[in-house]
Amino acid sequence: YKGLEVLLTDPGRCMKLLHERIKLTTVFEDKVVYAGILCILGDRTYASVLNEKIDQYKEWDKGWHYTGMHQFGMSLSQLDAYIIAVGNTKDKSVLPAILDKAKLLEPEDYFSHFRAIAMATEAINDKDAIAVLATMLTTPGVRGYHIDSYRAARNQIVPNDIDVTIRNKALKELHLARALYMCGDKDRLGETVLKNYAAGLQGHYARYAREILTSNP
């Protein structure tokens with residue numbers, strides 16, 4: 001990806017060049033690079049290449065948890081990047097591969113994996129994602145991290161001034177709730193979670209949840 005920032009200054013010319021290059025190469029990993037950039041730009045022509053690459057992962061790679069400090073480098077894994085990129089094409093044919101990876105996640109897994117699934121499913125915006133997102137959101141350990149009173153806040157205090165465990169859990173819940181809500185929701189589950197945060201004491205999360213609800217009533 002060296003020099004990608006230069007190509008992206010002119011997306012039209014960039015896409016034309018990538019189409020030429022991907023036709024010339026027979027190396028699959030090179031095709032993955034070209035296809036990934038095209039997908040990020042919304043071009044679904046070679047989404048199947050990225051779809052195949054995602055299928056090659058039999059388990060999740062090392063991801064990223066939210067951190068309050070010491071944040072350097074990528075805040076997502078390579079598989080996260082592929083999933084976000086292919087989701088950006090809005091191509092419904094890639095949804096099964098994304099949902100297969102979603103089904104592998106456990107509540108304690110990396111935040112970046114949950115975020116990637118949420119971003120991709122929301123971008124594709126297909127009702128086939130609803131059941132999987134609802135299952136993820138109702139898995140024990142995923143819900144209930146909004147803080148609606150000072151008593152609740154005091155009970156959740158962790159004796160560490162840079163602790164981010166609660167923030168990671170809340171962010172997973174918020175991202176899943178947003179994706180579910182935007183895809184059509186199930187039994188108003190996503191809406192309920194967003195309303196809990198919107199009425200809560202976690203300032204940024206409350207504003208975020210309210211924005212989603214008011215912009216997409």
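**Figure 1. The chain holds 12 helices and zero strands.** In this predicted model, local features need pLDDT of at least 70 and side-chain atom pairs count only at pLDDT 80 or more, while totals for chains, interfaces and linings use all residues. Residues are numbered from 1 along each chain as its sequence is written, and side-chain values use heavy atoms, with hydrogens and water left out. Helices (H or I, at least four residues) and strands (E, at least two) are DSSP runs, numbered from the N terminus.

**Figure 2. The C-alpha trace of the chain spans about 65 × 40 × 35 Å along its principal axes.** Among contacts with a separation of 6 or more, 68% join residues 24 or more positions apart, where contact means heavy atoms within 4.5 Å. Of the 217 residues, 46% are buried, that is, under 20% relative accessible area with a 1.4 Å probe and protein chains only.

Figure 3. A disulfide is a pair of cysteine sulfur atoms within 2.5 Å, and a search of the whole structure finds zero of them. C39 is buried, with a relative accessible area of 0%.

**Figure 4. C183 is buried, at 3% relative accessibility.** The cysteine sulfur closest to that of C183 belongs to C39 and is 18 Å away, which is too far for a bond.

Conventions:
Buried means under 20% relative accessible area, exposed over 50%, partly exposed in between (1.4 Å probe, protein chains only).
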